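Take a walk through this chain, from single contacts up to the whole fold. Keep the sequence and the 3D view side by side.

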Amino acid sequence: MEKDTLDELFDNLKGEFDINEPNAGHQDRFLEKLNTNTIASTEEKKSSGFNWKPFLAIAASLVICLAVFTTSNAQPEVMDLASVSPEMSETQDFFTATINAELKELNNERSPLTEQVITDALNRIQLLEKDYQKLKTDLTESDKDQRVIYAMISNFQNRIDILNTVLEQIETIKELKTNSDEPKNTF
């Protein structure tokens with residue numbers, strides 16, 4: 001059906017087509033105009049259009065530099081006892097829970113009489129915590145050296161020993177206070 005419509009169209013336009021030869025040099029003039037328009041069009045695009053290529057190149061360079069910098073400066077994850085084995089994880093959890101419970105008990109015993117003893121103990125605990133952070137780095141660097149693991153366990157035990165000793169000192173201080181406050185009976 002479409003073919004018939006096209007045939008009819010061409011039949012109706014017969015004789016209206018320009019079939020004369022173009023003037024001499026027509027093709028050269030046409031190509032010259034085409035080239036001139038193409039050059040002008042390209043210049044317009046360059047002058048009026050924004051060229052994103054330099055900015056994209058800079059952005060790509062920044063992304064690559066950032067990726068290289070991030071990769072080269074990435075610190076390995078610092079290990080602790082829990083990362084050595086499941087047994088060491090349980091050991092760390094036990095020590096941490098015990099230390100936290102004793103710290104809570106120690107803070108409950110704060111009073112003007114015990115303040116100095118508690119402050120000293122907390123300062124020693126803080127120093128041991130700093131040492132433990134160094135041991136974590138050593139463990140990472142030494143690839144789970146047993147000596148470092150034993151030092152970490154010893155660090156936990158030292159903290160618990162300090163807390164136990166201070167709690168005993170606080171009990172002694174409280175007993176002395178109670179005994180000194182009792183009225184003395186003389187016969």
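By about how much of a helical turn are E171 and K174 separated in helix α6? The model here is a predicted one. E171 and K174 lie 3 residues apart in that helix, so about one helical turn separates them. Their side chains meet in a salt bridge, with N to O at 3.5 Å. Salt bridges with shared partners join E109, E171 and K174 into one network.

K174 is partly exposed, at 35% relative accessible area. E171 is partly exposed too, at 38%.

Another salt bridge joins E115 and R110, whose closest N and O atoms are 2.6 Å apart. E115 has a relative accessible area of 32%, so it counts as partly exposed. R110, at 34%, is also partly exposed. The count of salt bridges comes to 5. In general, side chains of opposite charge can pair when their charged atoms come close.

Next, helix α5. It covers residues 115-142. Its 28 residues should span 40 Å at 1.5 Å a residue, and the end C-alpha atoms are 40 Å apart, so the two values agree. Its buried residues are I118, A121, I125, L128, Y132, L135, K136, L139 and T140. Their cover includes α4 (86-108) and α6 (146-181).

A polar atom of the T140 side chain lies 3.0 Å from the backbone oxygen of K136. Leaving aside residues up to four places away in sequence, T140 touches E77, V78 and M79. Just after α5, D143 takes a positive phi of about 60 degrees.

Turn to helix α1, residues 2-12, which holds L6. L6, L9 and F10 form a nonpolar patch on the surface, with about 290 Å² of accessible area together. L6 itself is partly exposed, at 45% relative accessible area.

Finally, step back to the whole chain. It has 6 helices and 0 strands. Of its 187 residues, 18% are buried. Among contacts between residues at least 6 apart in sequence, 71% join residues at least 24 apart. The accessible surface comes to about 15,200 Å², and 56% of it belongs to carbon and sulfur atoms.

Methods. Residues are numbered from 1 along each chain as its sequence is written. This is a predicted model: local features need pLDDT of at least 70, side-chain atom pairs count only at pLDDT 80 or more; totals for chains, interfaces and linings use all residues. Side-chain values use heavy atoms; hydrogens and water are left out. Helices (H or I, at least four residues) and strands (E, at least two) are DSSP runs, numbered from the N terminus. Buried means under 20% relative accessible area, exposed over 50%, partly exposed in between (1.4 Å probe, protein chains only). Contact means heavy atoms within 4.5 Å. Accessible areas come from the Shrake-Rupley method with a 1.4 Å probe; for residues, only the protein chains shown count as cover. Patches are made of residues with over 30% relative accessible area and no salt bridge: like charges are joined within 9 Å, nonpolar side chains (Val, Leu, Ile, Met, Phe, Trp, Tyr) within 5 Å. A salt bridge is a side-chain nitrogen of Lys or Arg within 4 Å of a carboxyl oxygen of Asp or Glu. The expected span of a helix is 1.5 Å times one less than its number of residues. A polar contact is a pair of N or O atoms within 3.5 Å; within protein, one must be able to donate a hydrogen and the other to accept it, and residues adjacent in sequence count only if both atoms are side-chain atoms.
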